[in-house]
Amino acid sequence: MGTIYCWFESLFGQDLAEHLWGWDMSTQDYTKGNHFNSIGSVLVLVTLFMVVLFYYIINHPRFNHWWSWILVLIINSGMNFLYGWKLTLSDLSNNLISDDLMYIRDVTTNAIVTQKITESNCVNFGIANATLAAILFLIFSFMLRWWSRNCSTCPIPN
Amino acid sequence: MIKSLSMLLASGVDMGPNISEVVPIIIDVDKGNEDLSRTIEILKNYEAIHAKVVSGANYKGFFQTKQTNLFQVSGNEYRLTIQDVQGKTFGQYIDYQTQTGSQKDLSNLLFSGNQDDKGKPKPLLEMDMAIGFQGNPKLGCVVLNQFKGNQDFNTFAEKFVAGDRIFIISSIHGGTGAAGFPLLLKNLRNADVPTPNPALLKNALIGAITVLPYFQLKEGDIKSADFISKTKAALQYYLKNVNPSLNSMYYIGNESNTHNYENNKGGTNQKNDAHFVEFVAAMSVIDFAMQPSNVIEVQGRRFLEFGIENFTNSIDFSVLGNATRSMVQKPLTKYHFFRMYLDEQLSKSTNRQPWSNRGKIKITKDFINPNSGFYQVLDSFNKRFGEWIKEMAANDPPFIPFTAGAALLNSISNTPAKKSGSKLRMQNFVLFDNYLNEAERKIGNPPQEQKFIELFNRATAKILSERYN
């Protein structure tokens, strides 16, 4: 799953990616646990739920429009954006990111020269997560829509 | 009445296992009669729609019963040609001018009366027959006594097969019907060579409805004040000469609560609004068709009238008896829903809802073009259906089965839909689209016209079963 997220690495930064892969400075290895998998799992489950919600629970004749589908897609992406952004922001705020990923320090004074991961990286990760959610929503839609009574021809006729 | 029968058959009223085809034959010398023109248009459209939508013998639903024009080959539109009447006066028809002696005296005795013509008296012998017999059965029974040897009558006899039934609809207070009914019956019961299939005709199961006065006319050439006396005389005659030969005889009429129609003798001006009595008369055809042969095989035993469970000044399904309701309420309501959807929702849902754009056979905007193809015919038929409902509602007594302007689920008069458990539950056309989409899954890929009608057959049935008791 991390590999897929890393298509967007240039967006949210290699250092945040390393953190999400589970890099731990103290062990010099990826021992913290793979955040990509957990975030990705949430993304898959939430998106799957939203697709099922749209096609089988709401399943409403008046929702059989491309704009209704787009609306649900945006809501899904929005939720996944918030999740990705808040989760990484929380790690950032609570100093859970390894120091070597967070900062460039002066080798003699150990003073922080540059902060490598900032809030904007977190926002960008949220955007990456939202983009993936949109792509997955599209894929799930085309996989699952066929059996929907009222929305199977949404977003485009089959 | 044929109009009402066509509307009932269009809505899918079942005629039972004995009858799968109706062959309407109209006997009316008044070719230009506007009511007749409307009826023929309805029959032609019905036939065209039936041909497109019925997929096989097992099909049940809208337009399921075939209606056939027996005289298509001769170019007649459902009408049995009465020869020698067009452009002739009654005197010319009986060769009054060439009659002499006792023959002429007899004609003078029988036909010496006058008929009002634009307020002035005109001798019956000078009456133009192109617009019918204008309330004079004594003229009708002379002119119509030509079934034997009539080419169209022979065509009918030729096509008649064992198991076929005959039903004669006539009014008792006019000219053509009152005169033609006993003559027609006599020609059937006494059929003989060279008429084809005489034995079959003689022994055919024959039912009839005689329509007693149910409207009055404004002051004019035809006097509706005479209707009752003419009716009494005819009933007296029928008692001995008609009733014993029938397998079923139905009576319907409405002495009070009648509208005064325009007093037109015939032609394009004769355009009477549809009436509840005609609707009931049409049901008698269906009742007769549904009877098992052993119930009606004895002649002169079965006589029926129509009653309403709780008569009020306005009639709807809720005041009809159970037998009537079970015959017509469901199919008519289904058709009403169908027509309402076509009028108010179809263009909005076509190309958008899955029932329209899913599957191999799609219902496209081109298909629902009211100016061409199948939909044009259907649209034209439905306009007549709407007109029919509207006219019956405006007549007296008013028959108002559906409430105009109401939302779909509130549109059956005095029959509320089941209360919805939740405000989120689908209603009206949304519910309709939902059931159409459901139906689309089960229909497969028949031709476009069949798919279209079957979608509505199923969806309307589902609305009734889910939302009404």
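Predicted model: local features only at pLDDT ≥ 70, side-chain atom pairs only at ≥ 80, totals over all residues.

Visitor: In what order do the elements of chain A run from the N terminus on?
Guide: The order is α-α-α-β-β-α-α-α-β-β-α.

Visitor: What radius of gyration does chain A have, and what would a compact globule of 158 residues have?
Guide: Chain A comes out at 19 Å. A compact globule of 158 residues would be near 15 Å. The C-alpha trace of chain A spans about 70 × 25 × 25 Å along its principal axes.

Visitor: How much of chain A counts as buried?
Guide: 43% of its 158 residues. Chain A exposes about 7,900 Å², with 68% of that supplied by carbon and sulfur atoms.

Visitor: And the charges? How many positive and negative side chains does chain A have?
Guide: There are 7 positive and 10 negative ones in chain A. The centres of the two sets lie 22 Å apart.

Visitor: Now the partner. How many residues of chain A are in contact with chain B?
Guide: 16 residues of chain A touch 16 residues of chain B.

Visitor: What area do chain A and chain B bury between them?
Guide: About 1,200 Å², and 41% of it is on carbon and sulfur atoms. A:P61, A:R62 and A:R149 supply 45% of the area that chain A buries against chain B.

Visitor: Switching to the backbone. Which residues does a cis peptide bond join in chain A?
Guide: A:C154 and A:P155, with omega at about 10 degrees. A:P155 is in the segment after α7 (119-144) of chain A.

Visitor: Which residues are joined by a cis peptide bond in chain B?
Guide: B:V193 and B:P194, where omega is about 10 degrees. B:P194 sits in the loop between α7 (176-189) and α8 (198-202) of chain B.

Visitor: Which residue of chain A has a positive phi although it is not a glycine?
Guide: A:Q28, at about 50 degrees. A:Q28 lies in the loop between β1 (23-24) and β2 (29-30) of chain A.

Visitor: Is A:Q28 buried or exposed?
Guide: A:Q28 has 52% relative accessibility, so it counts as exposed.

Visitor: What about B:F63, what is its phi?
Guide: B:F63 has a positive phi of about 60 degrees, and it is not a glycine either. B:F63 is in the loop between α2 (34-53) and β2 (66-67) of chain B.

Visitor: Buried or exposed, that B:F63?
Guide: B:F63 is buried, because its relative accessible area is 0%.

Conventions:
Residues numbered from 1 in each chain as written. Chains lettered and ligands numbered in written order. Heavy atoms only, no water. Helix = DSSP H or I, 4+ residues; strand = E, 2+ residues; numbered from the N terminus. Rg over C-alpha atoms; globule rule 2.2 N^0.38 Å. Buried < 20%, exposed > 50% of the residue type's maximum accessible area, 1.4 Å probe, protein only. Areas by Shrake-Rupley, 256 points an atom, 1.4 Å probe, with all protein chains shown as cover. Lys, Arg positive; Asp, Glu negative; His and termini not counted. Charge placed at Lys NZ, Arg CZ, Asp CG, Glu CD. Contact = heavy atoms within 4.5 Å. Buried area = accessible area lost by both parts, 1.4 Å probe.
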